[in-house]
Structures are given as C-alpha cells and as structure tokens.
Amino acid sequence: MAAAVRCLLRRYSNCSVHKCSHSALTFSQIKQQCTAGHHKILLSNVKQYSTNTESRFVKVNEIDFHYEVSGDGPHKIVFIPGMLGFTRSDFAPQLDGGFDPSQFTVTAIDLRGYGKTRPPTRDFPPGFFNRDADDVAGFIEALGWSRAHIVGWSDGGQVGMLASRRPDIVDKFVLWGSITRFTDVDYEFLERIRDVKDWSEKMKRPFINMYGEDAVQNILNDALDGYYGYGKDLVTIEQLKCIKSQTLLIHGDKDAAIPHDNIDIISSNIPHCRVYRFPEGKHNLHLKYTEEFNQIVSEFLLEK
C-alpha cells in the first residue's frame, strides 16, 4: 500500500521551484494507475490505529491554550481548526486513531477565544490571523518541539499560511477549504451562514454545546464583522511566496465556500506546492472522506 501511494506522490509532485504542477489524481485514479503486482491501494486496507487522546493546556503568550494530543511518534503535527471550531468539533477522526501513533504525535489546538481556550473572549482586531499565526508558532515552541508539520482547515489554513513563513519551526504544510482574499463569492457565502438558526442541527449542536446558543451567534457575528474589516487580502501574494515548506493543497471540487480560482492563486505562488482533489468533496471533506484524507496526509508527511 505504501509503495502505491508513493507512486501517487511521484505523479502529482512534479513541481518546479516557482510554480506548482496543477495536475492531481483522484483516489479512483490511484487505483487504476498505481497498481504494481499486488501493491494496489484499497480503502479496506487503511488502518484505524488504537490511541489514547489526552486533553492538555500549555501557556502561550500569557494565555492557557487547550489542545488534545495522541501518539508519541517523531513526526509532530499541529491541526488548526476553522471559524468557531475546536479540537473535537473539527478533528476527532484525526485525533482518535487516524494516524500511526508510532510515527506521529498528533495535536489539535483551540485558538484563543475558541473551544476551551477561554478566557479570553474571542475577538477580531485588525490582523487577527497574524496574531493566531504567532500563537501557533508559540505553541510549537512551548511544547519544546524544534519543528512541526502544520495542517490547517478553513480559517486554520489561513493561519497556517501565515505561520508557515517560519521555516525554522514549520516543516511541511497541509491546507484545505482556505482562501487568500475575499471575493463576492465569499461575502455571499458568509451572509448565508450568518443566522445560526438556519444551520442544520448536526452542524450547530457541537458549537451550542461548547459556547451556548446565544454565544455562538454573538461570536459568529463578531467573526463576520471582523472578516469584513480585514480587507480584501487575508494572505498576500508576497506572503505566499515566502512559504518555503513543502505544501499539500487539498481541494473539494464541490466546496461552495471556496472560489474556483483559489487553487491557482495558492498553488502557483507557494513555491513547493502539490494539489490533491476530491471530486465530490465539500468544505468538510476530511470528516466525510476520513480514511482517504488521513492516508494521503500521512503519506505526504512521511515522504522524504
């Protein structure tokens, strides 16, 4: 199985120093193209590992940050959640046996004001993504790690892009469901989700349980107002070009939150970038296609 995935990585990793190859394979194409003898990727072969996940706190920038950790392998991972998100809401399938504990130490952090990293109350001052990126860098240092892989979803991807400008502490970088600038598509999407009462019960329940119903709406309103005040560029082209980490950009072709040109903007400006697409994937593709997602990310992070 590992040999077959390495075949995949060779196929979609032909990136020059300054421009990413935009070719990408789906999992069905892997099955068709990466067969060598009995080395054929089958989802039934993907392991679910036995791990113990612990809840911990560490002080960073005078704040007690909550995080969860599983495994004790040499490859350190920091998962960064999206808007309103926290460890359990966003990354339970990754924390709970999704990665080989002998290879990976998997952590997920609650950003300041989210999840159990409260106080403080979440706020959105100018440049708040930069502040979050500084917190993530401080988190890695506070754990005593020399370097770590960063894996960011949605807003966590924006934070990851900014944190990944620190090659001294960031090894590889994975992101999905993230943008670099606001467009009319983004503003329309944000307005569609502004009223929590319109969310499905499954979508809103974890956040209501964590924050309380009124607080969820208040945080969401503050977040959207903060985005509108941020300006068009969340991450500039110049900042993307400063990312030196090997990067895997994962994209769900049916993600309504992400403009279609987003792949080109990110992949053509991060110097060492690869693209992997989920044709049926939406914004939360890592929760729906958990086995495939975990396997692809694992293989990318282990590749030398």
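1. A salt bridge is counted here when a side-chain nitrogen of Lys or Arg lies within 4 Å of a carboxyl oxygen of Asp or Glu. By that rule the side chains of Asp-132 and Arg-122 form a salt bridge, with 2.8 Å from N to O. Asp-132 belongs to helix H4 (residues 128-142) while Arg-122 sits in the loop between S4 and H4, so the pair ties together parts that are 10 residues apart in sequence. Helices (H or I, at least four residues) and strands (E, at least two) are DSSP runs, numbered from the N terminus.

2. Before going on, please keep the origin of the coordinates in mind. The model is predicted, so local features need pLDDT of at least 70 and side-chain atom pairs count only at pLDDT 80 or more, whereas totals for chains, interfaces and linings use all residues. Residues are numbered from 1 along each chain as its sequence is written, and side-chain values use heavy atoms, with hydrogens and water left out.

3. Asp-132 is buried with a relative accessible area of 0%, and Arg-122 counts as buried at 5%.

4. A search of the whole structure finds 17 salt bridges, and one of them joins Arg-88 to Glu-68, with 2.9 Å from N to O. This pair links distant parts of the chain, since Arg-88 is in helix H3 (residues 87-95) and Glu-68 is in strand S2, 20 residues apart. Arg-88 also forms a salt bridge with Asp-96, where the closest N and O atoms are 2.8 Å apart. Arg-88 is partly exposed at 34% relative accessible area, Asp-96 is partly exposed at 31%, and Glu-68 is buried at 7%. Through shared partners, salt bridges join Glu-68, Arg-88 and Asp-96 into one network.

5. Strand S2 (residues 63-70) is mostly covered, with seven of its eight residues buried. Two strands are said to pair if DSSP finds at least two bridges between them. Strand S1 (residues 54-60) pairs with S2 in the antiparallel sense over seven bridges, and within S2 it is Asp-64 that stands opposite Lys-59. The hairpin of S1 and S2 has two residues between the strands, and in this hairpin Asn-61 takes a positive phi near 50°. S2 is also joined to strand S4 (residues 104-109) by four bridges, again in an antiparallel arrangement, and the bridge partner of Glu-68 in S4 is Ala-108.

6. In what order do the eight strands of the open sheet run? The order is S1-S2-S4-S3-S5-S6-S7-S8, and the pairing is mixed. The edge strands are S1 and strand S8 (273-278), each of which pairs on one side only. The twist averages 25° from one strand to the next.

7. H4 lies across S1, S2, strand S3 (75-80), S4 and strand S5 (148-153), running at about 110° to S1. H12 lies across S3, S4, S5, strand S6 (170-176), strand S7 (247-252) and S8, at about 155° to S6.

8. H12 is mostly covered, with 11 of its 13 residues buried, among them Phe-293, Ile-296, Val-297, Phe-300 and Leu-301.

9. Lastly, consider Asp-155, which is placed in helix H5 (residues 155-163) and counts as buried at 13% relative accessibility. Contact means heavy atoms within 4.5 Å; leaving aside its neighbours within four places in sequence, Asp-155 is in contact with Pro-81, Gly-82, Met-83, Phe-129 and Tyr-227. Its side chain makes a polar contact with that of Gln-158 at 3.1 Å, where a polar contact is a pair of N or O atoms within 3.5 Å; within protein, one must be able to donate a hydrogen and the other to accept it, and residues adjacent in sequence count only if both atoms are side-chain atoms.

Key
Buried < 20%, exposed > 50% of the residue type's maximum accessible area, 1.4 Å probe, protein only. Axes fitted to C-alpha atoms, helices over the stretch in contact; angles between N-to-C directions.
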